[in-house]
Amino acid sequence: MPSAECYLCARRPAPHPRSQVPETFTAHAFARSQESDSLCERCAWVLKLRCWYQKTDGNWSILFARAFSWLWVNSQLVVPTIGPELSIAGKRGGTFPVVSNLATRSDIRGWLLEPPTPPFEMVVAQSGQKHTLPFAVTGWDREYFALLFEMDTVWIRKTQLRGLLEIYESLLDLGFSKTEIDTGEYRGERLAKSLTPWWPLEEKIVPYRGSRLLELVSFVAGRSITKDTTNA
Ligand SMILES: [Zn+2]
């Protein structure tokens, strides 16, 4: 039998049957090899992956892999950390691997500004509700690379990204909210206070408004004093 390519990501080898795609999976239109009846190891693994996760309060919960943002370097998993399978004493649910080191928004900000040595795959989950990893794109150049933001491929030119992030975070530091910056609908009393520094910054945001690039910048941006905000 010829080695097939993966129905979802089109990589080879693809030793698993396509029937392992769960019925709840809805992104069939994104499948990269529509004719194929096979799945690769990674897609078959991630589609059914659920993990135990220990929250900061010590309680354990079950997280589906849909919730994760991912960093892979040279086809090796770097983030998050997925440990050996465990059953948690006193918790029903089953035996699952333990996930830790989930990417925070601040971590992802770091990936964008200082990408690892290529080839790498960055996947940024926005809603946490979609199977994203099968549709990962590979970055080949640290200065200009593609990543997957939810279901969209976004191209990052690092100098442009750095500039846009700086402008965005300067607006945050002036006291404007992400909603104000994203929509351009600024509140009058805040504008009145910061009109002079605001305008040259706003002028540079305007051409990007509505783009996925600006939405990604908005997703990872933080105020100077709270740069380490985690996923909310
Ligand atoms: Zn695959």
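Modeller: Happy to! Of the 48 residues in the largest nonpolar core, those touching the most other members are Cys6, Leu39, Cys43, Val123, Val124 and Leu147. A nonpolar core here means a set of buried Ala, Val, Leu, Ile, Met, Phe, Trp, Tyr and Cys residues joined through C-beta atoms within 7 Å. At least two core residues come from each of α1 (41–47), β5 (70–73), α2, β9 (120–124), β11 (144–149), β12, α3 (158–173) and α6 (212–220). The largest share, 5 residues, is supplied by α3. Helices (H or I, at least four residues) and strands (E, at least two) are DSSP runs, numbered from the N terminus. As background, nonpolar side chains in soluble globular proteins tend to be buried together.

Before going further, a word on the model. It is predicted, so local features need pLDDT of at least 70 and side-chain atom pairs count only at pLDDT 80 or more, while totals for chains, interfaces and linings use all residues. Residues are numbered from 1 along each chain as its sequence is written. The chain averages a pLDDT (the predictor's confidence in each residue, from 0 to 100) of 94, and 96% of the residues score at least 70.

Now zoom in on Val123. Beyond its neighbours within four places in sequence, Val123 is in contact with Ser69, Trp70, Thr132, Leu133, Ala136 and Leu148; contact means that C-beta atoms, placed from the backbone, lie within 7 Å. Ser69 counts as buried because 24 other C-beta atoms lie within 10 Å; the cut-offs are 20 or more for buried, 12 or fewer for exposed, and partly exposed in between. Not counting residues up to four places away in sequence, Ser69 touches Ala103, Ile108, Val123, Val124 and Ala125.

Finally, the domains. The assignment, which is automatic or from a database, gives domain 1 (1–48), domain 2 (49–157) and domain 3 (158–226). The C-alpha centres of domain 2 and domain 3 lie 27 Å apart, and their contact takes 14 residues from domain 2 and 11 residues from domain 3. On the domain 2 side, α2 (105–113) and β12 (152–157) are the elements giving two or more residues, and α2 gives the most, with 6 residues.

Note on methods
Contact = placed C-beta atoms within 7 Å.
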